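Thanks for asking me to look this over. Here are my notes, point by point, to read alongside the model.

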Amino acid sequence: MKKVVSTMLLFMSMGTAAIAQSPIELTVQLDRPAGAISPHMWGVFFEDINLGADGGIYAELVKNRSFEFDQPWMGWKKLENGPEGTYLLLNDNQRKGNKRYLRLNNVSNLKLGLENEGFRGMGVKAGEQYEFSLQYRSEAGDMNIMLEVLNEQDKIIGTATMPLRSSGTWTESAVKFAVSSTTAKGKLRIWFTGAGKLDVDMLSLFPVDTWKRRPKGLRKDMVQLLADMKPGFIRFPGGCIVEGRDLANRFQWKKTVGPIGERELIINRWNTEFKHRLTPDYYQTFGLGFYEYFLLAEDIGAAPVPILNCGMACQFNTAELAPLDQLDEYVQDALDLIEFANGSVETKWGKLRATMGHPEPFHLKMIGVGNENWGPQYIERLEVFKKALNAKYPEIEIIASSGTDPEGDRFDFLNDKLRAMQIDIIDEHYYRPPSWFLSSASRYDNYDRKGPKIFAGEYASHTTRPNGPGRSTWEAALSEAAFMTGLERNADVVQMASYAPLFGHVDGWQWSPDLIWVDNLQSYGTPSYQVQKLYSTNKGSDIIPVRRDGQPVAGRDSLYASAVYDKNAGELIVKVVNYNSKPMQVSLSITSNKKIADRGQKVTLASHDLNNSNSIEDPLRIQPKQESIIRKGKKLTESFAPYSLTVIKLAAK
């Protein structure tokens with residue numbers, strides 16, 4: 001009897017194991033596309049936060065190059081003192097934008113010097129060329145400049161000399177030189193010799209090897225990370241800096257175009273926003289201005305998506321409002337921006353664009369009015385913008401804010417009002433814990449298909465804050481990947497999506513997690529970057545339904561899935577997220593009259609440890625791994641690794 005019972009228990013345990021190991025059946029309905037996918041589906045959002053522009057992607061190495069900070073000597077140190085009046089800061093109201101400059105009265109033929117500390121130091125690389133430039137005016141006598149780049153130990157690793165000839169008008173001069181060794185925390189010394197009176201401004205140091213080798217351009221490694229994502233759009237310039245702490249410090253695009261030396265610097269609202277991360281030296285010099293943003297979008301093949309102030313300062317700060325009867329300036333800024341981007345060279349702003357080097361239009365198609373604004377005061381101002389924009393540029397789609405949160409009374413009010421206004425695109429933001437992203441994979445399944453489209457304009461999964469670079473974890477990234485299957489499944493409603501923020505400097509961040517981390521020499525993509533890149537480089541043109549027992553694959557057994565078809569490549573692309581600590585067997589049954597290849601590719605992004613993250617020291621700890629797969633019969637059965645995002649690609653023509 002005992003033998004019979006033990007035999008029965010053995011068969012029962014074998015049966016249970018067989019059931020547990022049976023593949024989960026998913027049906028991929030290739031012949032039943034559910035809608036088209038926007039070419040702008042996956043993009044990037046840029047805001048000058050975390051030293052994202054100055055000290056980041058804008059490759060200038062000198063901090064406060066024009067003495068325009070509220071504390072004019074911030075970043076600078078005098079190396080030699082002469083008699084009283086040797087170093088004078090002048091403020092000339094006749095100069096446009098950049099009013100301050102330094103006067104050196106070297107009546108005793110002394111060796112005068114300045115030292116600049118850079119943005120948390122200066123990152124320079126051995127053998128690379130750098131260009132120093134300045135604007136100067138000399139009223140009497142010829143003077144000379146000697147430059148020294150020093151490393152962290154104050155050893156000179158690069159030198160150059162530059163004669164300055166007597167000139168009664170402002171002149172620009174430059175010199176190129178190489179450095180002999182690499183340092184992330186260098187500094188620049190500028191020595192002035194020769195008797196005379198010398199005015200200097202815009203003292204600048206740039207790497208020669210910028211993105212596309214444009215003089216005074218962008219940091220090549222950071223732009224390359226964006227280009228590698230093949231983003232469908234780039235949203236700029238923010239973010240909360242659009243609003244400003246008050247209206248006087250809002251982002252005004254017209255002050256960011258034209259000659260760089262005439263652009264008017266303002267304080268960055270993030271410099272004192274967080275008491276635990278005070279950054280009093282954080283300003284916006286606008287060397288990276290709206291022209292450069294449009295050019296960057298064009299360079300990386302992304303649609304430009306500018307966001308403009310709507311007459312409201314940040315509602316978490318002053319909440320200042322421009323009166324409704326004084327909105328003309330704000331509305332005109334929006335109309336003029338479209339002319340700057342798209343207008344002929346015969347127009348005022350199109351002519352300026354051409355003068356800056358781009359006679360062809362930038363083909364702007366979308367514009368955002370307001371950032372994370374809310375309440376009836378926002379709706380009132382939005383209506384004024386909408387009327388003016390629709391009248392003059394009906395082809396331009398308007399993006400409007402749904403506030404700071406994805407649910408609640410504030411969101412509900414705005415969502416109802418924006419839909420009643422028939423706004424083109426509603427911008428939804430969500431910074432939430434991983435559990436929210438996992439549970440919200442079906443968020444858009446029942447959205448109105450005939451209403452406004454959705455822009456998931458800012459989102460990121462937050463574990464703990466404040467945290468810094470090490471907390472851009474795989475747990476956060478994988479929950480985002482699961483949520484993104486829901487965005488992709490509903491791409492007929494959600495037409496744009498972008499993670500935020502984009503950049504974080506390891507020595508100068510205010511907000512985290514961030515998509516890409518940098519120091520003064522290197523940059524790397526976080527696990528979230530790797531997720532975003534896998535989606536954006538495998539976008540497809542059509543939504544393909546994936547079903548389990550007739551239902552979307554959106555969290556049952558901690559599995560998530562979506563699929564697309566790429567008409568240009570003739571390729572079926574299936575994405576599967578396994579949010580389990582064990583591998584999961586899944587069988588894909590593809591229903592189609594197309595000829596489907598027996599061999600394909602499988603790309604896996606995975607880590608058994610949800611707390612894992614990439615770093616400057618180990619930038620590719622979590623990275624995609626590619627292998628070949630074989631489809632046998634009518635089904636493709638695969639094992640999906642624990643805690644993984646997997647992309648399966650099969651030719652289907």
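**Notes on the fold**

1. In H6, the buried residues are Tyr378, Ile379, Arg381, Leu382, Phe385, Lys386 and Leu389 (buried means under 20% relative accessible area, exposed over 50%, and partly exposed in between, with a 1.4 Å probe and protein chains only). They sit on the same side of H6, because they cover an arc of only 165° around the axis, the arc being that of the directions from the helix axis to the C-beta atoms. An α-helix has 3.6 residues a turn, so residues three or four places apart point the same way. The face turned away from the buried side of H6 carries the exposed residues Lys387 and Ala391.

2. A word on the basis of these notes. The model is predicted, so local features need pLDDT of at least 70 and side-chain atom pairs count only at pLDDT 80 or more, while totals for chains, interfaces and linings use all residues. Residues are numbered from 1 along each chain as its sequence is written, and side-chain values use heavy atoms, with hydrogens and water left out.

3. What do the buried residues of H6 pack against? Their partners are helix H4 (328-342), E19, E20 and helix H7 (409-420), with contact meaning heavy atoms within 4.5 Å. Helices (H or I, at least four residues) and strands (E, at least two) are DSSP runs, numbered from the N terminus. H6 (residues 376-392) lies across strand E19 (366-369) and E20, running at about 175° to E20; axes are lines fitted to C-alpha atoms, for helices over the stretch in contact, and angles run from 0 to 180 degrees between N-to-C directions.

4. E20 belongs to an open sheet of 8 strands in the order E3-E15-E18-E19-E20-E21-E22-E23, with parallel pairing (two strands pair if DSSP finds at least two bridges between them). Its edge strands, E3 (44-45) and E23 (494-499), each pair on one side only. Strand E20 (residues 397-401) is joined to the parallel strand E21 (residues 425-432) by 3 bridges, and Ile399 stands opposite Ile425 in E21.

5. On to E22: E21 and E22 run parallel and are joined by 8 bridges, with Ala456 in E22 as the bridge partner of Glu428. Of the 9 residues of strand E22 (residues 453-461), 8 are buried, so E22 is largely enclosed by the rest of the structure.

6. Helix H9 is also largely enclosed, because 15 of its 16 residues are buried. The largest nonpolar core has 128 residues, and Phe290 and Leu487 have the most contacts inside it; such a core is a set of buried Ala, Val, Leu, Ile, Met, Phe, Trp, Tyr and Cys residues joined through side-chain atoms within 4.5 Å. Apart from it lies another core, of 33 residues, among them Leu61, Phe67, Val175 and Ile190. Leaving aside neighbours within four places in sequence, Leu487 is in contact with Met41, Trp42, Tyr430, Tyr444, Val494 and Ala497.

7. Strand E31 (residues 571-578) has 7 of its 8 residues buried. Strand E30 (residues 559-566) pairs with E31 in the antiparallel sense over 8 bridges, and the two form a hairpin with 4 residues between them, where Gly570 in the turn has a positive phi of about 60°. Strand E36 (residues 644-652) also pairs with E31 in the antiparallel sense over 8 bridges.
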